Amino acid sequence: MNAPRTTGSAHPRPHAGIDGRRGQGPAVVALGGGHGLAANLRALRHLSDRLTAVVTVADNGGSSGRIRDELPVLPPGDLRMALAALCEDSDWGDVWRDVVQHRFRTGGELDGHAVGNLLIVAMWQILGDPVAGLDKVGELLGARGRVLPMALEPLDIEARMIGREGASRLVRGQAEVAVAQGRVEDLRLVPSSPAVPPEVIEAISSADWLIIGPGSWYTSVLPHLMVPELADAIRRSPARRCITMNLASRTGETEGMASSDLLDALLDRADGISFDAVIADPTMLEDCFELAEHARRRGIRTVLRQVSVGGGVPEHDSLRLAAAYRDVFDAAFGDVPTDGDDDAPDGAAGNVQDDGEEDTRGADR
């Protein structure tokens, strides 16, 4: 950022929980980016007001990429999407959610820019502090939780890809890696050891649960385990940890990979970080039972729940995903019926569709 960070940035005002009280539910830190993180936040809002989103800052496409090219700031797109997902349930929150998500459609230079991206960057320039700026935007939106960047400087992602013919090539940029065909052989961040906001370390150290995934696996999920200071905070945290698998795999950056391969890719980068649970949707993943057995061999229990909207559509149902998290938080690991069964947990039955989109689309720019 152009100006030095200030200290003691105010946390957005607390909001009433689902039962009318303030600050209810477990302290949850959700790590990720793009549509996957937004789906998580919409679900977790049903369970807690003590939410912190830790968001990847490597997007280089669309509006965020254009802003990065012009200004020395973090890419705002994924941060904006997380804030929109946390907007309070009121006329105020509904209006501001639509405002920050609105994209200009013009024949000029504003075309494709999201209002929220410009608002966040304006607040950063005014306050000179990325965390204080996000807190202030969250306060304006009535966000039921806090949104923080995973690092204080924009990152780039580089992947060594192996094509179907066995040829190796280097792909640079989150937008490019997310859609690259082939298998990821190696992944690195540039810079490799960025500074992490102290507010992120504090949130992780005081959390009850840490949740990683869903989302674009190599460009939104795994980077959180590759920043040394962030990974060390996750490792040291007394919180329990949950991995949420995507609703679809074997596309783009995860072409040809089974769900157990994705789990291994994450655990291989976890370096001493233990996990307590994995959530997977048996109606979407054909290999979910193989995944569950693979996770068991690696010491992790699996919760198999329908968390999608149904009909084979790779979109999360916020109430079903919330019910799955509730079971994880309550250590209820038994399988339950899916897709409208009367015995499903409260809030899990039915087909309530939210604004979620296919997780593997990656960042929202």
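This is a predicted model: local features need pLDDT of at least 70, side-chain atom pairs count only at pLDDT 80 or more; totals for chains, interfaces and linings use all residues.

Colleague: What is the reach of H6 from its first C-alpha to its last?

Modeller: Helix H6 covers residues 130–141 and reaches 17 Å from its first C-alpha to its last, which is close to the 16 Å expected at 1.5 Å a residue.

Colleague: What do you see at the two ends of H6?

Modeller: At the start of H6, a side-chain oxygen of Asp129 comes to within 2.9 Å of the backbone nitrogen of Val131. After H6 comes Gly142, which has a positive phi, near 70°.

Colleague: Changing topic to charges, how many salt bridges does the structure hold?

Modeller: There are 21 salt bridges in the structure. One of them joins the side chains of Asp156 and Arg68, at 3.4 Å from N to O. That pair links distant parts of the chain, since Asp156 belongs to strand S4 (residues 156–162) and Arg68 to helix H2 (residues 62–70), 88 residues apart.

Colleague: Are Asp156 and Arg68 buried or exposed?

Modeller: Asp156 is buried, with a relative accessible area of 17%, and Arg68 also counts as buried, at 17% relative accessibility. Arg68 and Asp156 are linked with Glu158, Arg172 and Arg188 in a network of salt bridges.

Colleague: What about Asp232, which residue does its side chain meet in a salt bridge?

Modeller: The side chain of Asp232 meets that of Arg236, at 2.8 Å from N to O. Both residues lie in helix H10 (residues 228–236), where they are four residues apart, about one turn of the helix. Asp232 counts as partly exposed at 28% relative accessibility, whereas Arg236 counts as exposed at 66%.

Colleague: And where do Asp268 and Arg298 lie?

Modeller: Asp268 and Arg298 form a salt bridge through their side chains, at 3.7 Å from N to O. They link distant parts of the chain, with Asp268 in helix H11 (residues 259–270) and Arg298 in the loop between helix H12 (288–297) and strand S10 (301–304), 30 residues apart. Asp268 is exposed, at 55% relative accessibility, while Arg298 is partly exposed, with a relative accessible area of 38%.

Colleague: Back to S4, then: in what order do the strands of its sheet stand?

Modeller: The order is S5-S4-S6, three strands that form an open sheet with antiparallel pairing. Strand S5 (168–172) and strand S6 (183–190) stand at the edges with a single partner strand each, so one side of each has no neighbour in the sheet. On average, neighbouring strands of this sheet are turned by 20° against each other, direction ignored.

Colleague: How many bridges join S4 to S6?

Modeller: Seven bridges join these two antiparallel strands, and Met161 stands opposite Val184 in S6.

Definitions and conventions: Residues are numbered from 1 along each chain as its sequence is written. Side-chain values use heavy atoms; hydrogens and water are left out. A salt bridge is a side-chain nitrogen of Lys or Arg within 4 Å of a carboxyl oxygen of Asp or Glu. Buried means under 20% relative accessible area, exposed over 50%, partly exposed in between (1.4 Å probe, protein chains only). Two strands pair if DSSP finds at least two bridges between them. Axes are lines fitted to C-alpha atoms, for helices over the stretch in contact, and angles run from 0 to 180 degrees between N-to-C directions. The expected span of a helix is 1.5 Å times one less than its number of residues. A polar contact is a pair of N or O atoms within 3.5 Å; within protein, one must be able to donate a hydrogen and the other to accept it, and residues adjacent in sequence count only if both atoms are side-chain atoms.
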